[in-house]
Each structure stands twice: as C-alpha cells, then as structure tokens.
Amino acid sequence: MSKIFVSPSILSADFANLERDIKLVEDAGADWIHVDVMDGHFVPNITIGVPVVKSIRKITDLPLDVHLMIENPQKYIKPFAQAGADILTFHYEAVMAYNIPNIINEIHNNKMRAGISIKPKMPVQVLDSFLNIVDMVLIMTVEPGFGGQKFMQDCAEKIKYIRQKAPDIIIQVDGGINAETAKVCKDFGANSLVAGSYIYKSDDIKKAIDSLR
Ligand code: DX5
Ligand code: ZN
C-alpha cells in the first residue's frame with residue numbers, strides 16, 4: 001500500500017487564526033499544507049499570495065503545497081520559492097503548452113517539486129507529454145475557485161488514465177473530497193488528497209484526516 005499524502009486546504013481555515021488552524025491539522029497528522037492562490041482572473045475568486053506563504057513558512061515545518069490558480073504562473077515561481085513553497089502546482093490552462101517544459105524546469109531549478117493541474121473540462125490526454133518531467137498531477141474534481149463544492153466523479157476517472165501511464169507519479173485530487181469520495185479516488189490510483197471543508201468543518205479533525213487515508 002503506497003503512502004497517501006493528506007493536504008488540508010487552508011482555504012476553509014479561519015484566515016484570522018491561520019496559525020491556530022494550521023497547528024490543528026498538523027497535530028492531527030496532516031502531511032502537507034495546501035495553499036490555494038487565486039488571482040480573480042484565472043478563477044473568479046481572490047485569496048492569498050506570496051506574503052501569506054512567507055508568514056506560514058515560519059510557523060510550520062510541513063511541506064507547503066501551493067496550488068496556483070493564476071494567470072502567468074511563471075512570473076511567480078521565484079517569489080513563491082523564496083517564500084518557502086515546497087511543491088508548486090500551476091494550471092495547464094493558464095500557460096502555453098509549448099512553454100510547459102520550461103516552467104517545470106524553472107520550478108525544479110528553484111528547488112521545488114512541480115505539479116500540473118487540469119480543470120474539469122480539460123481532457124486528461126493533454127498531459128501525456130509532461131508525465132515524465134513533472135512530479136505531480138493535480139486532477140480537479142470541482143471547477144476551481146471555491147471550497148465546499150460537489151465532487152465530480154467523471155473527473156476522478158481521469159486518475160486511472162494517469163496512473164496507468166505513470167506508475168510512480170504523485171496524483172493529487174482536489175475538490176469535494178470526503179471519506180467516501182477519497183475512497184473512489186484512491187481506488188482509481190490517487191495518492192494525495194486535498195480536503196478543505198471536510199476537514200475544517202468536522203468536529204474531530206484527526207478523525208476526519210484518518211478517514212481519508
Ligand atoms: C478549489 C480549491 C480547493 C478547495 C477545496 O478551487 O483548489 O483546494 O479548498 O475545497 P473542498 O475540499 O471544500 O472542496
Ligand atoms: Zn486547491
């Protein structure tokens with residue numbers, strides 16, 4: 001059984017009490033901290049950016065798993081690296097396909113692991129030529145932009161395709177993950193689960209995290 005990396009999304013935390021809410025999931029056994037960066041252009045919502053990553057870097061040793069839902073992600077590789085990000089995931093839809101190898105290279109040169117993500121409507125085959133250079137594929141199982149949406153099972157089916165082509169890659173899912181939908185994704189071959197509302201809205205955070213594994 002391969003290790004499952006649980007990455008609670010602080011989008012569902014209390015931004016006025018981020019340190020407290022990060023410690024809560026850290027003490028409950030979280031593997032990574034998922035940070036959703038949104039710019040109001042690539043997605044309709046605006047959240048947080050480089051300064052917040054820099055601040056939370058000081059209060060946790062867990063890997064910071066930064067999910068960029070922004071246009072022109074390449075411009076922000078170095079700033080996020082300097083702020084202390086460990087994994088940097090950008091969206092396929094936000095860049096030119098011919099430039100993706102460069103972007104992945106630049107993320108690696110900045111000592112981070114590189115992730116590439118696709119939105120629900122994007123066919124999974126577009127990722128074919130990057131599977132041997134990227135560390136992680138993030139399959140969105142909701143339309144990116146907001147927490148608390150319903151899991152889209154047909155998106156999760158994409159996991160099978162990636163797992164068959166890339167046995168060793170990290171496959172992360174994000175959107176509507178709870179104990180039930182996590183099981184579906186793990187059965188398809190996912191090994192990293194992002195969950196925001198399921199973890200932060202539960203009255204027993206440790207139980208919620210354990211239930212995802
Ligand atoms: C959505 C974000 C997610 C979000 C997931 O665009 O990428 O990380 O926090 O929230 P839940 O787990 O509530 O669907
Ligand atoms: Zn996310």
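The protein chain contains nine helices and eight strands, assigned as DSSP runs (H or I over at least four residues for helices, E over at least two for strands) and numbered from the N terminus. The radius of gyration is 16 Å, close to the 17 Å that the globule rule gives for 213 residues, so the protein chain is as compact as a globular protein of that length; the radius is taken over C-alpha atoms, and the rule is 2.2 Å times the number of residues to the power 0.38. The model is predicted: local features need pLDDT of at least 70 and side-chain atom pairs count only at pLDDT 80 or more, whereas totals for chains, interfaces and linings use all residues. Residues are numbered from 1 along each chain as its sequence is written, and side-chain values use heavy atoms, with hydrogens and water left out.

Of the 213 residues, 54% are buried, that is, under 20% relative accessible area with a 1.4 Å probe, protein chains only. Among contacts (heavy atoms within 4.5 Å) between residues at least 6 apart in sequence, 66% join residues at least 24 apart.

The largest nonpolar core comprises 70 residues, and Ile10 and Val66 have the most contacts inside it. Such a core is a set of buried Ala, Val, Leu, Ile, Met, Phe, Trp, Tyr and Cys residues joined through side-chain atoms within 4.5 Å. Beyond its neighbours within four places in sequence, Val66 is in contact with Val35, Val37, Val53, Phe80, Ala85, Ile87, Leu88 and Thr89. A second, separate core has five residues, including Trp32, Ile87, Met136 and Ile170.

How values were computed
Chains are lettered from A and ligands numbered from 1 in the order in which they are written. Buried means under 20% relative accessible area, exposed over 50%, partly exposed in between (1.4 Å probe, protein chains only).
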